Amino acid sequence: MQVVSEGRLLWCRTPEVAYLIPAAIQGHAWLRCAFTTRWTDSATDGFNLSYDRDPHYVVSRHREALLKALGLEGSALHTVRQVHGNRMCVVDSAALQNGLADVEADALVTTLPNTALGVLVADCLPIVLYALHTPLVALVHAGRMGTFHLVIRAALGVIKRQFGVAPAQLHALLGPAIGACCYDLDDHAVRPFQEGFPDWQRFIKPSKRPRDAARPWTMSLTAANEGQLLAEGVPPTQIETVSPCTKCHHQHFHSHRAEGPTAGRGMAVIGIQHNGEPTPSTVIGEK
Ligand SMILES: [Zn+2]
């Protein structure tokens, strides 16, 4: 498989699913984390994880295969309705009793064992957060508007207030997302950052060779969110970017910019598994 990563990712495969594991989590057996790829054993679909895009039974099969591959088959996979905002859903027993089906949020956090969290992505940036001194995992969905609404800062605030875990105690992984190489924006999209972010030029730059005269800017979601993580006190040594560009590599990842509104959705997953070992999978290679 082609090298697509600028960071450290392990390509793993079971008979049903191929996915990427951040090398950084290896050695922490309770921690399970993956970014899905489009690969599937079926020629008819592209391992889409969104119920909005494929029949329910197909997506359920994909989600089950993913959990099984990660050794989380006994766990429920919790997702929320992503709305490009900055709310974080605390997945605790009270929340589960109420159900998450109608919860609108763009970040999830849990300390519950045998529990998995997922965010759907097709170019937007998935950010994984985890602590090592205590089992706590979180996921953040940071597209352009989530970045504008400071979703990662809001998530770090919830984690500190509700769980007593400070940003300095957290590790962050920035997963596959559209890169500055491809994320062309028009003036309208850039203006809120110019007006609201003194450091906007750190992550938004004029295109060197605009592909589209109406979109003369490019934005790096990873640079913007790295900046927010650092500003909130996550140590630079605990932030890792493993973000191949999803549009450049849309043969491997679902990409809204590459495929348009019918694009499927990949998933970033993180979970806490206290009992049992992961299902043996084939590590294809370190990228
Ligand atoms: Zn690209």
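Mentor: Two strands pair if DSSP finds at least two bridges between them, where strands (E, at least two residues) and helices (H or I, at least four residues) are DSSP runs numbered from the N terminus. The model is predicted, so local features need pLDDT of at least 70 and side-chain atom pairs count only at pLDDT 80 or more, while totals for chains, interfaces and linings use all residues. Residues are numbered from 1 along each chain as its sequence is written.

Trainee: Which residue in β14 is the bridge partner of L173?

Mentor: Strand β10, residues 170-174, is joined to β14 by three bridges, and the two run parallel. In β14, L173 has as its bridge partner E240.

Trainee: In what order do the six strands of the open sheet lie, and what does the twist average from one strand to the next?

Mentor: The pairing in this six-stranded open sheet is mixed, and the order is β5-β6-β9-β8-β10-β14. Its edge strands, β5 (88-90) and β14 (239-241), each pair on one side only. With axes taken as lines fitted to C-alpha atoms, for helices over the stretch in contact, and angles running from 0 to 180 degrees between N-to-C directions, the twist from one strand to the next averages 15 degrees.

Trainee: What angle does the direction of α4 make with that of β9?

Mentor: Helix α4, residues 151-163, packs on the sheet and touches β5, β6, β8 and β9, a contact being two C-beta atoms, placed from the backbone, within 7 Å. The direction of α4 makes with that of β9 an angle of about 160 degrees.

Trainee: Which residue in β9 is the bridge partner of P126?

Mentor: Strand β9 has antiparallel pairing with β6 (residues 107-110) over four bridges, and there L108 stands opposite L139. With β8 (residues 125-131) the pairing is also antiparallel, over seven bridges, and a hairpin of four residues leads from β8 to β9. The partner of P126 in β9 is H141.

Trainee: How many residues of β9 are buried?

Mentor: A residue is buried if 20 or more other C-beta atoms lie within 10 Å of its own, exposed if 12 or fewer, and partly exposed in between. By that rule both faces of β9 are covered, with L136, A138, V140 and A142 buried on one side and V137, L139 and H141 on the other. For residues 136-142, the count of buried residues is seven of seven.

Trainee: In the largest nonpolar core, which residues touch the most other members?

Mentor: Such a core is a set of buried Ala, Val, Leu, Ile, Met, Phe, Trp, Tyr and Cys residues joined through C-beta atoms within 7 Å. Leaving aside residues up to four places away in sequence, A155 touches M88, A107, L129, A138 and V140. Of the 81 residues in this core, those touching the most other members are A107, L108 and A155.

Trainee: How far apart are the end C-alpha atoms of α6?

Mentor: The expected span of a helix is 1.5 Å times one less than its number of residues, so the twelve residues of α6 (221-232) should span 16 Å. In agreement with this, the end C-alpha atoms of α6 are apart by 17 Å.

Trainee: Is A29 buried, exposed or partly exposed?

Mentor: A29 lies in the loop between β2 (17-22) and β3 (31-40). Because 13 other C-beta atoms lie within 10 Å of it, A29 is partly exposed.
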